[in-house]
Protein chains: 2
Amino acid sequence: MDPFDYYCPTRVVFGPDRIVALSELIPRERRVLMVYGGGSIKRNGVYDAVLSTLARHTVVEFGGIQPNPEYETCLAAVEQLRAESCDFILAVGGGSVLDACKFIAAAARYDGTAWDLLEDNSLTADALPVGAVLTLPATGSEMNPNAVISRAEIEQKRALIHPLLYPQFSILDPTTTLSLPERQTANGIVDAFVHTTEQYITRMVDAPLQDRQAEAILLTLIEQAPKVMADPSDLSARSNIMWAATNALNGLISCGTPQDWATHQIGHELTALYHLDHARTLAVVQPGVWEHCFAAKREKLAHYAWRVWGCDGMGTDAAARAAIARTEEFYHSLGIGTTLADHDIPAAACDRIAARLGERGVALGEDGAITGAVAGEILRLRIGGD
Amino acid sequence: MDPFDYYCPTRVVFGPDRIVALSELIPRERRVLMVYGGGSIKRNGVYDAVLSTLARHTVVEFGGIQPNPEYETCLAAVEQLRAESCDFILAVGGGSVLDACKFIAAAARYDGTAWDLLEDNSLTADALPVGAVLTLPATGSEMNPNAVISRAEIEQKRALIHPLLYPQFSILDPTTTLSLPERQTANGIVDAFVHTTEQYITRMVDAPLQDRQAEAILLTLIEQAPKVMADPSDLSARSNIMWAATNALNGLISCGTPQDWATHQIGHELTALYHLDHARTLAVVQPGVWEHCFAAKREKLAHYAWRVWGCDGMGTDAAARAAIARTEEFYHSLGIGTTLADHDIPAAACDRIAARLGERGVALGEDGAITGAVAGEILRLRIGGD
């Protein structure tokens, strides 16, 4: 196990009808900027629940955060926040809204051009407090200091990660997820699953507790996913998936272990260029990363196959191969295609993304072995179609 | 899964030679009360490492905290703290030192009689900041807001649990545990093991992630324990046990689940009256709780047997019985006896403890079914001897 620091000060408030806790979690004197997305919270009752709980607070609304939250939209929120002198940001929605709020919180306290913060995270020196009412289990943003922001104008997607950006609190009410469309439910499961594997499928390391904590999340998702796909009103499955998704990216399972994240970095390019849902990019890219890096990852892939997929009798190579196949089948079982062709993305994407990542001089994966050119090779394994 | 709040703001700093982080973790202007136990830190180099790292801080020392920290000793520390105007408490040692420091931190900011805080935790309204250098993995005190304090004069042992008492930081340097005597090593493993089972062996609940997170800790302890018992200098095993013990009582595995703690409550009486090591009381009491509450716990015991002890083919009753036997064998493998007779405690302890707990009107266990009289019945199952 490598040396590590673990710090995660977010308060999680979990359970049905916990939104009422907001009135105590946000001090009365705060001026709240309530940020949300496309308006689904107005249809499922969350919007009304938040406003009635905050009836005695001053609340200013900012709606319209996109999936893959857009830089320009966040800047508009910062402008409104400053105009209204808001000093607390309440995210109501999924990971995109949360990510946007973290970036808004940092940008509101930064005097330069806000994009700088995404180019150089260390420029963040202050941030407004953020709280959240989570309505979509997927990104783990509710219990971590990470934000991913897109900028359509220059076709870029960048991360801001800073300890000042942990939400002060996150309310996780699984009943708010009952009305999620199947596509978002499936995406959320894949997102949480891949967050876990990015921190787990690297090489064999001496961190047996962290391995088993990762396996706990994967096994829970594999077990609960078919229940919620069969019955979207299954509150038990919704609850277990919600808590698993939070645990997948709160930093605990990566304590003292190597991490990969190549699948995410390459996937971000597919979203930036072809607007594919984040989770679907992961389902496309991941099998390619595992196949291309098979020699480096085969022992851990086999360990994963034995522990998670029940491939007990198999030898290392066969188990590692089975791990890739079983994972892809799992994504298919959620209705998610795993090739570029499945999502109508042209084979030209391979060269295009290789060039873009090459220009940025990336060295992705736990060993830094994945350059832009290698990313192109990985994507070529995922072209699919006839 | 029941509703829950999860909040754990302690920063963990883990790894060899991390004690140097102290100089940055404690602001320079703080006056530090450095609290330790019987002086083992002077033999293993930790004392020198702390003082040289804090060379530019004002440090006042208070040594002599007992295992099962004594109320009167803590009061003496409060007196010294006030006389020296200290405003930061640094615990250097194991869980007893940490627990003492939390109590000192609360007592220093309480105007009444400090024992009140142990009788009524809600009286805690303020506390000094506490940081820790942990040298003994066992209690989990390094990442939770709990303290257990003893008072020999009235033969009592009480808990103080309050969110103001989370350590600000805990430095976990596994090399500091290499010189631990075998008895303390074994005790620490049993303590962490029973912390986990107190939150896990209750009834079957719909919390599959939390179950697997608990199993992750138990499996890690079972796997690592023989390594460290065979080779006390095994830094890998020391590291994995240290991190497992912290995870056993940082609140994560009990999110939304019932908890038992009867073994601890009855065990505290054995320590208060007969001065038996805390962990050894747990090893004595626990099999009795499980046997006495077999009907209520059998399904979860069987689940534990299947998941943790590999009793796959067995039916529910046989697996549940095997779980009790295997757990007891595990304690024996660490050189720890599991009956009163093994520790020369007379059978009269059963009636004596039944009466004491009866006077306090306790209702222990996840169902509150264990009264003083029931505790006596449980202890009678553990008399042992010929």
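A salt bridge is counted where a side-chain nitrogen of Lys or Arg lies within 4 Å of a carboxyl oxygen of Asp or Glu. The model is predicted: local features need pLDDT of at least 70, side-chain atom pairs count only at pLDDT 80 or more, and totals for chains, interfaces and linings use all residues. Residues are numbered from 1 along each chain as its sequence is written, chains are lettered from A and ligands numbered from 1 in the order in which they are written, and side-chain values use heavy atoms, with hydrogens and water left out.

**Figure 1. Salt bridge of Asp277(A) and Arg280(A).** The closest N and O atoms of Asp277(A) and Arg280(A) are 3.4 Å apart. Arg280(A) has a relative accessibility of 7% and counts as buried (buried means under 20% relative accessible area, exposed over 50%, partly exposed in between, with a 1.4 Å probe and protein chains only). Over all chains, the structure holds 40 salt bridges.

**Figure 2. Salt bridge of Glu269(B) and Arg360(B).** The closest N and O atoms of this pair are 3.4 Å apart. Helices (H or I, at least four residues) and strands (E, at least two) are DSSP runs, numbered from the N terminus. Glu269(B) is buried at 2% relative accessibility, whereas Arg360(B) is partly exposed at 34%. In chain A, salt bridges that share partners join Arg183(A), Asp277(A) and Arg280(A) into one network.

**Figure 3. Arg158(B) in strand 8 of chain B.** Arg158(B) forms a salt bridge with Glu119(B), with 3.0 Å between the closest N and O atoms. Strand 8 (residues 156-161) of chain B holds Arg158(B) and helix 6 (residues 115-119) of chain B holds Glu119(B), so the pair ties together parts that are 39 residues apart in sequence. Arg158(B) is buried, its relative accessible area being 12%. Strand 8 of chain B pairs with strand 7 (residues 146-151) of chain B in the antiparallel sense over six bridges (two strands pair if DSSP finds at least two bridges between them). Opposite Arg158(B) stands Ile149(B). The hairpin of strand 7 and strand 8 of chain B has four residues between the strands, and Glu155(B) takes a positive phi near 50 degrees there.

**Figure 4. Strand 6 (residues 130-134) of chain B and its two partners.** Five of the five residues of this strand are buried. Val130(B), Ala132(B) and Leu134(B) are on one face and Gly131(B) and Val133(B) on the other, and both faces are covered. Strand 5 (residues 88-93) of chain B pairs with strand 6 of chain B in the parallel sense over five bridges. Strand 9 (residues 169-172) of chain B also runs parallel to strand 6 of chain B, and four bridges join the two. Val133(B) is the bridge partner of Val92(B), and Val133(B) has Ile171(B) as its bridge partner in strand 9 of chain B.

**Figure 5. Interface of chain B and chain A.** The two chains bury about 3300 Å² between them, 59% of it on carbon and sulfur atoms (buried area is the accessible area, with a 1.4 Å probe, that two parts lose on being put together, summed over both). In chain B, Leu209(B), Arg212(B) and Trp243(B) lose the most area to chain A, together 19% of what that side buries. The contact (heavy atoms within 4.5 Å) takes 37 residues from chain B and 37 residues from chain A. The rule finds four salt bridges across the interface. The side chains of Arg18(B) and Asp5(A) meet in a salt bridge at 2.6 Å, N to O. Helix 8 (208-230) of chain B is among the elements that supply at least two residues of the side touching chain A, and its eleven residues are the largest share of that side. Strand 1 (residues 4-6) of chain A and strand 2 of chain B run antiparallel, joined by three bridges, and Phe14(B) is the bridge partner of Phe4(A).
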